Amino acid sequence: MTFDARPAQHAPELRAAARHLNRRRFLTVTGAAAALAFSVGLPAAGAASAAELDAAKITDDPFTLGVASGDPLPTSVLLWTRLAPAPYQPDGGLPAERVLVHWELAHDERFRRIVRRGTAVAHPELHHTVHVEAAHLEPDRVLHYRFRVGGWTSPAGRTRTAPARGARASALTLAAVSCQAYADGYYTPYAHLAQDDVDVVFHLGDYLYEYAVDATGNSRKYTDRTLPAVFDRETVTLEDYRLRYALYKSDPDLMAAHAAHPFVVTWDDHETENNYADDTSEDDIPPEEFLLRRASAYRAYWEHQPLRRPQLPEGPDMRLYRRLHWGRLAQFDVLDTRQYRSDQAYGDGAQLPGPVVDDPARTLTGATQERWLIDGWRASRALWNVVPQQVTFSQRKLDLNPVAKLSMDAWDGYRASRRRVLDGVKATGIENLVVLTGDVHVGYAFDIKDDFDDPGSRTLGTEIVATSVSSGRDGSERPSNWHTYMTANPHLKFYDGRRGYVTVALHGDHARADFKAVPYVTRPGAPVTTAASFVTEAGDPGLRPA
């Protein structure tokens, strides 16, 4: 990887505010938080707002990054686009003026039966992104949407609303994806996912990587284009992150997947920095300095994802964990295991577990989010309780020694935190727990045990780990540690090291997971196969080959 040695050029106001701050707890002070939020710019109202651009002056296609939708509710869905005639330029090819954008939703793909239409403003302060919370829709409907500005019309997208909260939905098919390092290969899995028949896609993190991308796209080895030098450095500033999202979202396969399905997104570490923990950087820079970077990363993330207004960050803080429902069939508790976690134990990485990993004062989710999760289970009336999150939840011994090394970045490094969650599963009486995980660039299927060291202990749920879209390059069906992992972890039922995604179909009596794999991503055009399929019965957790 290549790192840029230049100093971070954060906004002067942000740096000035940070000099008066120490730890993140001080950022909750209203004045400090306001200074941080102001420094990265929010749209002003009234006379102070930016001038309006005459859309007729936009002479090049502004919809170069496609369209997206997300967070489907029974009567609402979020529609997204960004205006960027020149996406690889810092200003996106537009002046610092607001642009009026027209949008419409229709029952049919020819837009003959319009359901809703309206206008939204693409503000320069939000990098000309558009977040439309289309409301007053009918539940459980497939819809088509598009945007217009001046003489330009966006590609059409397909989305849907969720069933009504009390509806007895008979089935739902979701896809789970994660980890899409642009430099590691093509997004071929997304090309296949765009054609797959799923209702919603959960992105489990590492949508973007902070590492440099060279002129040839690294492992993509472009010969038909030269990427600008602005990408050949690590992302640190708001401008850096905005440009990197432009690169990633210009990929045609990713655009196709976003246009085909609504996404529910959550982040992991690389959207900001590898393995950060709360306000602790992996490079041990002062927290007040790292939080400048975090504020920039969080802001660019919200701008470029189909997220609603409640998720808009305030400085370096962003409430990303949230709850969605699919009738009475499923409840989705989307977690954030980065922003509130204790620092990794024993220097991070693969380590022998010591007393720190069992310290009840340490947390992966933070106390507030943990309480929110368990309270949500207590109130749940759903058949399936699904937890989309980031790092491996089940125990994963990394060797065959009597005391095996564990990953300090995963839930194994926060065993007391995991124990509280497992106790919450039992106390609330939920029977059909499904944890969705990303991060590790392989596909896993785990039985979640009450006691992972006792294979005969009660099975509390199922963990499905989605492999990466591209991170790790081509991979292999059986990595070198396959036998070790399968032997050391009897609750591990499947392990595949290729790229791809996973689909999970939820029904009234069972759930089925299908692991989709491609043989390579370092060149385009790979076919997709189903590597394995598993089912778990409602009321009787435990994975069985389909």
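This briefing covers salt bridges and the surroundings of selected arginines in the structure above.

The model is a predicted one, in which local features need pLDDT of at least 70 and side-chain atom pairs count only at pLDDT 80 or more, while totals for chains, interfaces and linings use all residues. Residues are numbered from 1 along each chain as its sequence is written, and side-chain values use heavy atoms, with hydrogens and water left out. The structure holds 36 salt bridges, a salt bridge being a side-chain nitrogen of Lys or Arg within 4 Å of a carboxyl oxygen of Asp or Glu.

**Salt bridges**

- Arg 148 and Glu 104 are joined through their side chains by a salt bridge of 3.6 Å, N to O; this pair links distant parts of the chain, with Arg 148 in strand E6 (residues 142-149) and Glu 104 in strand E3 (residues 99-106), 44 residues apart. Helices (H or I, at least four residues) and strands (E, at least two) are DSSP runs, numbered from the N terminus.
- Arg 148 is partly exposed at a relative accessible area of 33%, whereas Glu 104 counts as buried at 9% relative accessibility. Buried means under 20% relative accessible area, exposed means over 50%, and partly exposed lies in between (1.4 Å probe, protein chains only).
- In the salt bridge between Asp 199 and Arg 160, the closest N and O atoms are 3.0 Å apart; because Asp 199 lies in the loop between helix H3 (188-195) and strand E10 (200-203), and Arg 160 in strand E8, the pair ties together parts that are 39 residues apart in sequence. Both Asp 199 and Arg 160 are buried.
- Arg 233 and Asp 240 also form a salt bridge, with 3.3 Å between the closest N and O atoms, and both of these residues are buried.

- Arg 158 is found in strand E8 (residues 157-160) and is partly exposed, with a relative accessible area of 32%.
- Leaving aside neighbours within four places in sequence, Arg 158 is in contact (heavy atoms within 4.5 Å) with residues including Ser 69, His 144, Tyr 145, Val 198 and His 261.

**Surroundings of Arg 242**

- Arg 242 lies in helix H4 (residues 238-249) and counts as buried, at 13% relative accessibility.
- Apart from neighbours within four places in sequence, Arg 242 has contacts with Arg 82, Glu 125, Leu 126, His 127, Ala 300, Glu 303 and His 304.
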